[in-house]
Amino acid sequence: MPDFAVNLSMLFTEVPLAERFSAAAEQGFSKVEIQFPYELPAAQILDLLQHNKQQLVLLNAPAGDWFSGDRGIACHPDRVAEFRQGVSLAIDYAKKLNCPNINILSGISPANYNSKLVRETFIDNLKFCAEVCANENIQLLVEAINTQDIPGFFLNNSRQAFELFQAIDHTNIKLQYDIYHMQIMEGNVIQTLRDNLDKIGHIQFADVPGRHEPQTGELNFSNIFKALDDMGYSGITSLEYNPSASTAESLGWLKQIA
Ligand SMILES: O=C(O)C(=O)[C@H](O)CO
Ligand SMILES: [Mg+2]
């Protein structure tokens, strides 16, 4: 059975972020991830983690101004300084919270720049991040996201990520393989995981369509989880879905397969 974590930005949203740690602990989760933890001071999150005997396993670097439409800025040629400042904040949180992974969102390709410059900016930023994270013993991750939910998102499939890894040529970068996004963009989930396990550092999941819990859509999660065990995946597999009912009700599948 995978080593499960739960994403506190998408599950347990019935209560404010500070209350989701204990809500997750009550459901048996000892590992949590937060997309953007910055609304709470790191010291408060540390208290919550310690109080609930939990480990924070993943956070995202700041992704620009989400409410104005940014979905990451790592590929934006005119925002390199802002991006790198955000990475410093992410590292500060990760160190204070003993979080082993930082995820980067490429962002939407900016329309006013040529595609070569956008790609080069992303590569340069990821080289920089891979190195500064390596210096702190933090694994750098980058996530591919489907272009139905975020039209124009620059990094949107696993093959593109693996090509970028060759250009980046650094040992400290891996793909955050989100089964939901990759089922939409390319399918072939189990075979892709099996063929590229050495390049995958973290897995997230939701069913398709709808981005709800397992057993609401087309994916066979029992088979996917068994395949992950069989191929020897030893990383974390995280629930990152919108519960179709309450979060507690949405966990029925987990009790069935655990
Ligand atoms: O949307 C996703 O799948 C993510 O994991 C990102 O963290 C979005 O913030
Ligand atoms: Mg994800």
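**A predicted domain, its ligand shell and its helix packing**

Residues 21-256 form a span that is 42% helix and 15% strand, with its end C-alpha atoms 23 Å apart. The model examined here is a predicted one. In the UniProt record, an unreviewed entry, residues 21-256 carry the annotation "domain: Xylose isomerase-like TIM barrel".

Around ligand 1 stand Gln35, Asn60, Asn103, Glu143, Ile145, Asp178, His181, Gln204 and Glu240. Sorted by class, this shell holds 5 polar, 3 charged and 1 nonpolar residues.

Helix H3 spans residues 80-97 and helix H4 residues 115-135; their axes lie 11 Å apart, at an angle of about 25°. Helix H3 is therefore roughly parallel to H4, and the crossing of the two is right-handed. From H3, Val80, Phe83, Arg84, Val87 and Ile91 take part in the contact, meeting Thr121, Asn125, Phe128, Cys129, Val132 and Cys133 of H4. This contact of H3 with H4 comprises 8 nonpolar, 2 polar and 1 charged residues.

Helix H3 also packs against helix H2, which covers residues 42-51; the axes of H2 and H3 come within 9 Å and cross at roughly 35°. The crossing of H2 and H3 is, again, right-handed. Here H2 contributes Ala42, Ile45, Leu46 and Leu49, while H3 contributes Tyr93, Lys96 and Leu97. By class, the contact of H2 with H3 has 6 nonpolar residues and 1 charged residue, with no polar ones.

Conventions:
Residues numbered from 1 in each chain as written. Chains lettered and ligands numbered in written order. Predicted model: local features only at pLDDT ≥ 70, side-chain atom pairs only at ≥ 80, totals over all residues. UniProt positions renumbered as here; feature names shortened; annotations may be inferred. Helix = DSSP H or I, 4+ residues; strand = E, 2+ residues; numbered from the N terminus. Near = placed C-beta within 6 Å. Nonpolar A, V, L, I, M, F, W, Y, C, P; charged D, E, K, R; others polar. Axes fitted to C-alpha atoms, helices over the stretch in contact; angles between N-to-C directions. Parallel < 35°, antiparallel > 145°, perpendicular 65-115°, else oblique. Left-handed = near helix turned anticlockwise from the far one by under 90°. Contact = placed C-beta atoms within 7 Å.
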